[in-house]
Amino acid sequence: MSTETTTLTKQDALFEYLVRLADDRLILGHRLSEWCGHGPILEEDIALANISLDYIGHAASLYEYAVEVEDKGRHRDNLVYFRNDVEYKNLKITELPKGDFGFTIARQFLFAGFSYFLYKQLSDVEDEQFAGMAQKHLKEVKYHLRHSREWVLRLGDGTDESHERIQNSFNDIWTYVGELFHQDEIEELLQGEKLAADSENFKSDWKELVVDTLEEATLEVPDFDQFMVEGSRDGLHTEHLGHLLAEMQHLRRSYPDADWE
Amino acid sequence: MPKTPVKYNKDEIWNLLSEVKDPEIPVLSILELGIAREVTIENDKVVVQITPTYSGCPAMNAIENEIEKVLRVNGIQDFEVNKDFSETWTTDWMTDKAKQKLKEYGIAPPGKTDTDDDFLNSLKSSSKIIPCPYCDSTNTELQSEFGSTACKAQYYCHDCDEPFEHFKCI
Ligand SMILES: [Zn+2]
């Protein structure tokens, strides 16, 4: 990690960038896994479990590449099980409790839409392995976006109850969407090397997708200029992340040498 | 199990690999699915390159173990199975014969993948028509984009009243 006395190297920045991307997907994947056995209908139970597996798979390959870039012989699981909440860099939008089905769908739609544009850009980075991963993830994210978008339409333009619930979900989650487009010196350094996406370039496309979909779903689009929370990339989190990590990490920390084999 | 190492040429290794099936689609081998990409033999060491299908596919580890087992029981002791991410797996790699086998197994096979330019527009149009693998009717309906595994979607045929799975194009 960089401090003010050391200069940020390309290697440090790429490691940090990959870990951020991986953290977002691991934490969201974990949240989605909580639906397993609790989905509103069997098909959705299966769908959410499948999407959760995709996210955790994306995180696994990003962590794997991160430790390779770091080149200190660290195992990727070490990043997952032995970091505390302040060391996690996931965006707060990914760690919020799963809420009701409407909340889960609202978050999935906003995040999948963002990931779609992000991975399109990352598919062209000047790093064969990173670009290859992004191309693979992009194919899967298209299914996530199609799935969540159709549910936004179905719930928004459904019954009074479903309409109200998903509208409330979008209103509640809105303060967390600003951070999706937060960029700092990590992105700036890597953009110069053609190793990172520039979310400024697709912000308007993402907004258009969101506005079009919400309007088609007869939902009101919350105010993009309202107060937005910050600080996730510096390790500032809600109280929910600590509880999630406790559940995810306790077995590994209790039995650090345990192995499946 | 043979005690001394046995030597094989490349074709023979490919032949051994054709015995390895996808545990979730047992009618197809990892060759027909395009999971096994390359075999190299250097100083008697066999190296097999595989490429994962879906990122979260739980079958990948089982497939890797199965490849190792097949090589070992055939007397190969010096080998390596590597994952290769440089090429992105696509259902376009599936052979026509493989697609026919899928259909006979009751899974509607994948068509050709779309180009990315159409994607955002395709979100707004209704989903593609997938013919029923049992009666070939096109009077079918998408029930869920996600079936029993990440690679399959769930459909229903209104003519023969059978639910069926479709191997998604990716
Ligand atoms: Zn039929």
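Okay, let's start at the hairpin of β3(B) and β4(B): two residues sit between the strands, and B:Asn43 takes a positive phi near 45° there. A quick word on names: helices (H or I, at least four residues) and strands (E, at least two) are DSSP runs, numbered from the N terminus. And two strands pair if DSSP finds at least two bridges between them.

Before I go on, this is a predicted model, where local features need pLDDT of at least 70, side-chain atom pairs count only at pLDDT 80 or more, and totals for chains, interfaces and linings use all residues. Residues are numbered from 1 along each chain as its sequence is written, chains are lettered from A and ligands numbered from 1 in the order in which they are written, and side-chain values use heavy atoms, with hydrogens and water left out.

Strand β3 (residues 36–42) and strand β4 (residues 45–50) of chain B run antiparallel, joined by six bridges. For one of those, look at B:Ile41, which stands opposite B:Val46 in β4(B). Now, what is the bridge partner of B:Val46 in β5(B)? That's B:Phe79. Here β4(B) pairs with strand β5 (residues 79–83) in the parallel sense, over five bridges.

Chain B has another sheet to show you. It's an open one of four strands, in the order β6-β9-β8-β7, with mixed pairing. Its edge strands, β6 (107–108) and β7 (140–144), each pair on one side only. β6(B) runs parallel to β9 (residues 163–167) of chain B, and two bridges join them. B:Ala108, for instance, has B:His166 in β9(B) as its bridge partner.

Let's zoom out to the whole of chain B. It comes to four helices and nine strands, and from the N terminus on you read α-β-β-β-β-α-β-α-β-α-β-β-β. Along its principal axes, the C-alpha trace spans about 60 × 35 × 25 Å. Of the 170 residues in chain B, 45% are buried. Buried means under 20% relative accessible area, exposed means over 50%, and partly exposed is in between (1.4 Å probe, protein chains only).

Next, where do the two chains touch? By contact I mean heavy atoms within 4.5 Å. Take A:Asn50, in helix α2 (residues 42–70) of chain A. Not counting residues up to four places away in sequence, A:Asn50 touches B:Phe146, B:Gly147, B:Thr149 and B:Ala150. A:Asn50 counts as buried because its relative accessibility is 6%. Then there's A:Lys139, in helix α6 of chain A. Leaving aside neighbours within four places in sequence, A:Lys139 is in contact with B:Thr88, B:Trp89, B:Thr90 and B:Ile170.

On to the nonpolar cores. A core here is a set of buried Ala, Val, Leu, Ile, Met, Phe, Trp, Tyr and Cys residues joined through side-chain atoms within 4.5 Å. The largest has 86 residues, and A:Tyr17, A:Leu122, A:Phe130 and A:Phe170 have the most contacts inside it. Its largest share, 14 residues, comes from helix α5 (residues 101–122) of chain A. Apart from that core lies another, of 34 residues, including B:Phe79 and B:Met94. You'll remember B:Phe79 as the bridge partner of B:Val46. As for A:Phe170, among the residues it touches beyond four places in sequence are A:Phe109, A:Val152 and A:Leu214.

Now the second largest pocket. On a 1 Å grid over the protein atoms alone, a pocket is an open set of points where a 1.4 Å probe fits, with protein on both sides within 12 Å along at least five of seven lines; lining residues have an atom within 4 Å of a point. The space in it is about 710 Å³. Who lines it? There are 34 residues, and A:Tyr143, A:Arg146, B:Asp114, B:Lys128 and B:Cys169 lie nearest the centre. The largest share of the lining, four residues, comes from α6(A).

Last stop: two residues in chain A loops. A:Lys194 isn't a glycine, yet it has a positive phi of about 55°. Find A:Lys194 in the loop between α8 (185–192) and α9 (203–216). A:Thr218 has a positive phi too, near 60°, and its place is the loop between α9 and α10 (239–254). Is A:Thr218 buried or partly exposed? Partly exposed, because its relative accessibility is 43%.

Terms used
Points joined across faces, edges and corners; volume = space filled by probe spheres on them.
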